[in-house]
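Take a moment with the sequence and the 3D view before reading on.

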Amino acid sequence: PPSPVPPLIAPYVPRVKARYHTHREDTAIAGVRTYVYTPASGIAPENRMRVLINLHGGGFHECFPGCAELESIPIAALMRIKVVSLDYREGPQYRFPAASEDVAAVYRQLLKTYRPENIGIYGCSAGGMLTGMSLAWFQKHGLPRPGAAGIFCAGATLASSGFGGDAPYTALPLGEARMPPPPAPPGAKASAPPLGYLTGVDPKDPLVAPASSPAVLAKFPPTLIITGTRGFEYSSAIFTHELLVKAGVDAELHVWEGLFHGFYYNPDVPESRDAYDVMVRFFDRHLGK
């Protein structure tokens, strides 16, 4: 059954459906449960051979379909494009690399219909992390590079305090994030953050944290990064953008002042519409190029 939607975001789901009109098909692709969203106004002619893959947030343990709805519906409606959102395997029942395997299976199936340059992939929070992880997984398994990627509310790094950097500490007193775990004692081996799905992973493994490998990052498609100054992913997002630019990738960073982790889940915030527009323009500019 679908995992529960966190109470904080549950009220946003009916509001996003009232504001942005789509049709949803509950189906399976390559054995992975998916929700396929199409705009009520119809797919735009220029998008008939384009598709977006959405990887929902939820800490690798919850939030399908709630986060899928909030991440997919506005983009499908505004861009007038098909969005395929995956109910990928999560913790604590499943462990890495189950989600990467699911994304690759769906991607392989979509490649039978769409050219790789016409496929975009994006997600927020855990889904943003999984976007980067999937791009690294595609490389390792010889799959062609998609046309564009969106790492939203996330970065491509991993640390014992979640995404790492200063943001978990600086964002907390401003009303965001959560108390990070105490630092490891001197000489202790670095460990992955306390996400059941990532139990036992090496936080420097490029398949988990692509920013650990300049060679992996250099093969990323054009990548859009979205964050806010009060998001606990803020440091990681900025650092990931720096590394992508250094690696020669066409990367964009958009930062919203004073906004928080996953801010655009709330469709009533004006900045959310601004963020949707940035996403739509980015994918429209890069898919098919």
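This is a predicted model: local features need pLDDT of at least 70, side-chain atom pairs count only at pLDDT 80 or more; totals for chains, interfaces and linings use all residues.

**Helices side by side**

A handy bit of background: two packed helices are described by the angle between their axes and the distance between the axes.

Start with helix α1, residues 12-19, and helix α2, residues 66-79: their axes come within 10 Å and cross at roughly 25°. An angle under 35 degrees counts as roughly parallel, and α1 and α2 are therefore roughly parallel to each other. The crossing of α1 past α2 is left-handed. If you want to find the touching residues, look for Tyr 12, Val 13, Val 16 and Lys 17 on the α1 side, and for Gly 66, Glu 69, Leu 70, Ile 73 and Pro 74 on the α2 side. Sorted by class, this contact of α1 with α2 has six nonpolar residues, one polar and two charged.

Now move along to helix α3 (residues 98-110) and helix α4 (residues 126-140), whose axes come within 9 Å and cross at roughly 65°. That angle makes α3 roughly perpendicular to α4. Here α3 passes α4 in a right-handed crossing. From α3, the contact draws on Ala 99, Ser 100, Glu 101, Val 103, Ala 104 and Tyr 107, while α4 brings Leu 130, Met 133, Ser 134, Trp 137 and Phe 138. In the contact of α3 with α4 you'll find eight nonpolar residues, two polar and one charged.

**Sulfur links**

A disulfide is a covalent bond between the sulfur atoms of two cysteines. How many disulfides does the structure hold? There are two, and here they are:

| Disulfide | Sulfur atoms apart | Angle about the S-S bond | Handedness |
|---|---|---|---|
| Cys 63 and Cys 67 | 2.0 Å | 75° | right-handed |
| Cys 124 and Cys 153 | 1.9 Å | -115° | left-handed |

Finally, number the bonded cysteines of the protein chain in sequence order, and the pairing reads 1-2, 3-4.

Technical notes:
Residues are numbered from 1 along each chain as its sequence is written. Side-chain values use heavy atoms; hydrogens and water are left out. Axes are lines fitted to C-alpha atoms, for helices over the stretch in contact, and angles run from 0 to 180 degrees between N-to-C directions. Helices (H or I, at least four residues) and strands (E, at least two) are DSSP runs, numbered from the N terminus. Angles under 35 degrees count as roughly parallel, over 145 as roughly antiparallel, 65 to 115 as roughly perpendicular and the rest as oblique. A crossing is left-handed if the near helix is turned anticlockwise from the far one by less than a right angle, and right-handed if clockwise. Contact means heavy atoms within 4.5 Å. Ala, Val, Leu, Ile, Met, Phe, Trp, Tyr, Cys and Pro count as nonpolar, Asp, Glu, Lys and Arg as charged, and the others, Gly among them, as polar. A disulfide is a pair of cysteine sulfur atoms within 2.5 Å.
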